[in-house]
Amino acid sequence: MLLFDRSYRLGWLAAAAFALDCADASARRPDGQLELSVVDAKSGQPVAARLHLRDARDNAVSPVRGVDPWGAAPLGDHVYVDGETLLGLRRGVYRFDLDAGPEFRTQHGHFEIVRHAEDSKRVEMTRFADLADEGWAAADLATCRPAADLPLLHRAEQLAYTPTVSAAWDGKAWAPPELAERRRRDKVSPGASALWDDARGVVWLLDPDESRTLEALPQPGESSVAFLRDAQEGGWRVVASITSRELPLWVAHDVVDAVVVIDGWAESPAGEEAARRGRQGDGLRYPGAQGPGRWRRVLYESLLDAGVPVPAVAVSGSGLNTSPIGAARVYAHTDGDASSGAWWDATDRLATVVTNGPLLRPFVESAPPGGTFLLVNGKRSLTIGLNLATRTKVDYVEIVKNGATVHNIRIAELAASGGKLPSIEFDAPGWLAIVAVAESPDHYEMAMSAPWFVEGKGGGRADSEDRTQWLNALKEAEAAFGQNDSAAYAEAEAFWKAPEGR
C-alpha cells in the first residue's frame, strides 16, 4: 500500500550528519520495491533530485553496497535520483523528501512496503525560479565529491561551478583531505584546489580553470604573506575565512581574492576546530546557533565600511562534511555564461549574492551588485528592484547603508507594498547592500548581496572607526604570530592607519 503526502514543508534544509546504519531497512533481500520517477511538473521531463529517505524509527535509509543499488552519489542521509530509481526495501513505513535544488519546491511523502510489493509512483517537482535563465550562475567553492558524480550533482542542485578540494596541508606536505565518509569507489575530481587550515587562518587555494597540478602548490612557510603571494602568482585564487586571525594582514598586502562569509565546512569536525581558533564574536551579542553566522556577516560589513571591497563567497564543504553540495553557494551575474572564467570575472566585479537559503536577485537602478554611482550636486537617490523567492520562510529584508540597517522590512509589509522598496538617499560617498533573513532555529540563514557604491569626485569613503577595529585585530594577530613576519606586519599597520587604505 502506498500513501503520499504532497504538502510542502517550507523551511526544511538537510545539512546535518546522520549515521549510516541502514541494515534494517535497505536489506540484502528486500521484501518489496517501489519504482520512483521524478519529473518536472510543467514539462513532464525527468528531473535529477536529491532523496532523503527515513524509516518508521526516523533512521536515515541508504542503499547497501553491493546489493542492487538504488540512487546515486550517496552521502550522509541522502542519495540522488537521476530521473528514476527502483527502491528495494524491507517491509515497513517510510517517508521521504525530494529536492531538485533550491529553485524547486521540496516534495514530501510517505509510503509502506509490504512483502512482495511492486509498485510505481511519479512525483512532480514544481519550479518557482530559474536563476540561470535570469543570468545568474551558482557556485559552491569548497566541495570534495567523486568526479564521476559531479555531472549529476550539478544538474540536481543547479550548480555551474564546484572546485574540488583535492589536498590539505598536513603540516609537512599536501595530502588527500580527510573526508566525512570514504568508500573504495570514491575518486575525487582531478582538480588541484587545496585547503590550508592553520592557527593563523583558513585558506582555500582554488584552481580556477583546472589547469594546475598539486605539485605546483606553493609550500606554506613562516611568512603567510609570502605563501599566499606565491599562490596568487601561480594563478591560484586565494579565498580566506572571514574569521581568520591574520586576515587584516592579508588584506593589507592584497593577497586575498575573496572571503568566506557563509561557511558550511565549519560543520565538519575539522571545521569546528578551525572555527574555535578563529576570531570570535561576543557571545552576548551573537548568542546561540545563529551567532556564528551573524558574526561573519558583521565582520564582512565592517570590511566594506573600512573601505575594503573584497568579494564575499560561500562554501558548503560537501564531502568534507555530509552537507548536500550547494547548501551554501554564491550566485554571480554572468549574463548567461556558465563558465568558471565568467563566474570569476563577475565575482571580481562584485556582481554576486551569497546564500544558504533565500534566492535573492537585487538590482539598483537596473544594475546588479557591484555597480558604482556618482553623486550629482552632492546627492544621489537610488531605487532598488528586488526578486525574492525561496522554499524557506523569509522573515524580513534589510537595506544596509554604510554598515547600518536603515530599513528592516517584514515580508508581510513588503507584500502589502507590492514589493516596492524605499529609495535610499546619499549626500556623501558610501555603499548599499540588501540582505534577506529566513526563519531557521539551528543556523543563521540569509542571502546577502555584494555592495553597490556611491562615489564623489574624490572617490569613495572609509570609516575610521572600522579601520581602527581591523587595526586592533591586526595587533592581536601580531602578538601571536608577528615574530614570523615583522616587516609585513609593519607595512600592514601603515595600511590600516591610512585614512583610505591603499
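Is Trp-136 buried or exposed in this predicted model? With a relative accessibility of 3%, Trp-136 counts as buried, because buried means under 20% relative accessible area.

**View 1. The rings of Trp-136 and Phe-363 form an edge-to-face pair.** The centres of the two rings are 6.1 Å apart and their planes stand at 65°, so the pair is described as edge-to-face. Trp-136 belongs to strand β9 (residues 136–139) and Phe-363 to strand β19 (residues 359–364), so this pair ties together parts that are 227 residues apart in sequence.

**View 2. Phe-96 and Phe-111 form a tilted aromatic pair.** The model has 12 aromatic pairs, and in this one the distance is 6.4 Å centre to centre, with 35° between the planes. Phe-96 lies in strand β6 (residues 92–99) and Phe-111 in strand β7 (residues 107–113), so the pair ties together parts that are 15 residues apart in sequence. Both Phe-96 and Phe-111 are buried, and together with Tyr-94 they form one aromatic cluster.

**View 3. Charged ends sit over the rings of Phe-426 and Phe-495.** The charged end of Lys-401 is placed over the ring of Phe-426, 4.7 Å from its centre, while that of Arg-467 is found over the ring of Phe-495, 5.1 Å from its centre.

**View 4. The second largest pocket holds about 550 Å³ of space.** Among its 24 lining residues, Arg-285, Tyr-286, Trp-295, Val-298 and Leu-299 are the closest to the centre of the pocket. Helix α5 (291–305), strand β23 (394–401) and helix α8 (464–481) each give two or more residues to the lining, and the largest share, 8 residues, comes from α5. Sorted by class, the lining of this pocket has 8 nonpolar, 6 polar and 10 charged residues.

How values were computed:
Residues are numbered from 1 along each chain as its sequence is written. This is a predicted model: local features need pLDDT of at least 70, side-chain atom pairs count only at pLDDT 80 or more; totals for chains, interfaces and linings use all residues. Side-chain values use heavy atoms; hydrogens and water are left out. On a 1 Å grid over the protein atoms alone, a cavity is a set of points where a 1.4 Å probe fits but cannot get out, and a pocket is an open set with protein on both sides within 12 Å along at least five of seven lines; lining residues have an atom within 4 Å of a point. Grid points are joined across faces, edges and corners, and a volume is the space filled by probe spheres set on the points. Helices (H or I, at least four residues) and strands (E, at least two) are DSSP runs, numbered from the N terminus. Ala, Val, Leu, Ile, Met, Phe, Trp, Tyr, Cys and Pro count as nonpolar, Asp, Glu, Lys and Arg as charged, and the others, Gly among them, as polar. Rings of Phe, Tyr and Trp (its six-membered ring) pair if their centres lie within 6.5 Å; planes under 30 degrees apart count as stacked, over 60 as edge-to-face and the rest as tilted. Buried means under 20% relative accessible area, exposed over 50%, partly exposed in between (1.4 Å probe, protein chains only). A charge sits over a ring if NZ of Lys or CZ of Arg is within 6 Å of the ring centre and within 35 degrees of the ring normal.
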